[in-house]
There are 2 protein chains.
Amino acid sequence: MTQSGAENQVRTIIEAWADAVRRHDYAGVLAHHDQDIVMFDVPPPFQSRGLDAYRKTWDLFFGCQRPSDAFDIEDIAITAGDDVAFAVAVMRCGAPDATFQFRLTIGLRKVDGDWFITHEHHSVPATE
Amino acid sequence: MTQSGAENQVRTIIEAWADAVRRHDYAGVLAHHDQDIVMFDVPPPFQSRGLDAYRKTWDLFFGCQRPSDAFDIEDIAITAGDDVAFAVAVMRCGAPDATFQFRLTIGLRKVDGDWFITHEHHSVPATE
């Protein structure tokens, strides 16, 4: 696997994940996530550990975001080795008349030939 | 290099960085950072790109944090491959009577045998 090959694999997984978020497709959102994922989300709680807690963060998000709203990767840089990778992205989401940007970092590990997301960190700058 | 060997190298770099932050030691803070680092910090701006912009984020921080204040790694998990790694941490900082937790993700790349930090993402949950 070349470095660009690994980068392309990771990019495909992240683009499919974002597309699943746009469609409120839980199975697609969770398709490449590790059981022990650690999620740092934009709203509280401070952290969510494990796939069940991660899934609940999307209950909250889908409650205030319609399937037609934006969840777009505006800019992404992927750093991928043989079996560890991370992605740094600027994202845009929200209703057409009220979109906003957030920062996103994703960590991945390759296990038995497949990449799994083990960490997501979503945030906006603090306003206080 | 075993996986645990790489993890230990990355842990040593991050612990030395946090110690340099506590001492307001700019040279130590910047010692293992890539020229093209992308910083997502707790306060605005939304992002800081490049080592000069990264250094400025510490001007802001050191202006309101004394050398005796906390900048402590409360919990850290490191995922390290041969030449790509990331760390996920719960941090605590601030004056003794007003410490607070923040979330930290660090991305690293190994170049010519040395690890360099190419990304930091510091945040607190949004309060709005």
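This is a predicted model: local features need pLDDT of at least 70, side-chain atom pairs count only at pLDDT 80 or more; totals for chains, interfaces and linings use all residues.

Reader: Fine. How far apart are the end C-alpha atoms of helix α1 of chain B?
Author: They are 29 Å apart. Helix α1 (residues 3-22) has 20 residues and should span 28 Å at 1.5 Å a residue, so the two values agree.

Reader: Which residues of α1(B) are buried?
Author: B:Ala6, B:Val10, B:Ile13, B:Ile14, B:Trp17 and B:Val21. These residues cover an arc of only 90° around the axis, so they sit on the same side of α1(B).

Reader: Why would residues three or four places apart point the same way?
Author: Because an α-helix has 3.6 residues a turn.

Reader: And what is exposed on the other side of α1(B)?
Author: B:Ser4, B:Gly5, B:Thr12 and B:Glu15.

Reader: What covers the buried residues?
Author: The cover includes α2 (26-30), β3 (70-80), β4 (84-94), β5 (100-111) and β6 (114-123), which belong to chain B.

Reader: After α1(B), is the phi of B:His24 positive or negative?
Author: Positive, near 55°.

Reader: Switching to the contact. How many residues does each chain bring?
Author: Chain A brings 30 residues, and chain B brings 30 residues.

Reader: Which elements of chain B give two or more residues to the side that touches chain A?
Author: β1 (33-40), β3, β4, β5 and β6. β5(B) gives the most, with five residues.

Reader: How do the residues on that side of chain B divide?
Author: Into 14 nonpolar, 11 polar and five charged.

Key:
Residues are numbered from 1 along each chain as its sequence is written. Chains are lettered from A and ligands numbered from 1 in the order in which they are written. Helices (H or I, at least four residues) and strands (E, at least two) are DSSP runs, numbered from the N terminus. The expected span of a helix is 1.5 Å times one less than its number of residues. A residue is buried if 20 or more other C-beta atoms lie within 10 Å of its own, exposed if 12 or fewer, and partly exposed in between; C-beta atoms are placed from the backbone. The arc is that of the directions from the helix axis to the C-beta atoms. Two residues are in contact if their C-beta atoms, placed from the backbone, lie within 7 Å. Ala, Val, Leu, Ile, Met, Phe, Trp, Tyr, Cys and Pro count as nonpolar, Asp, Glu, Lys and Arg as charged, and the others, Gly among them, as polar.
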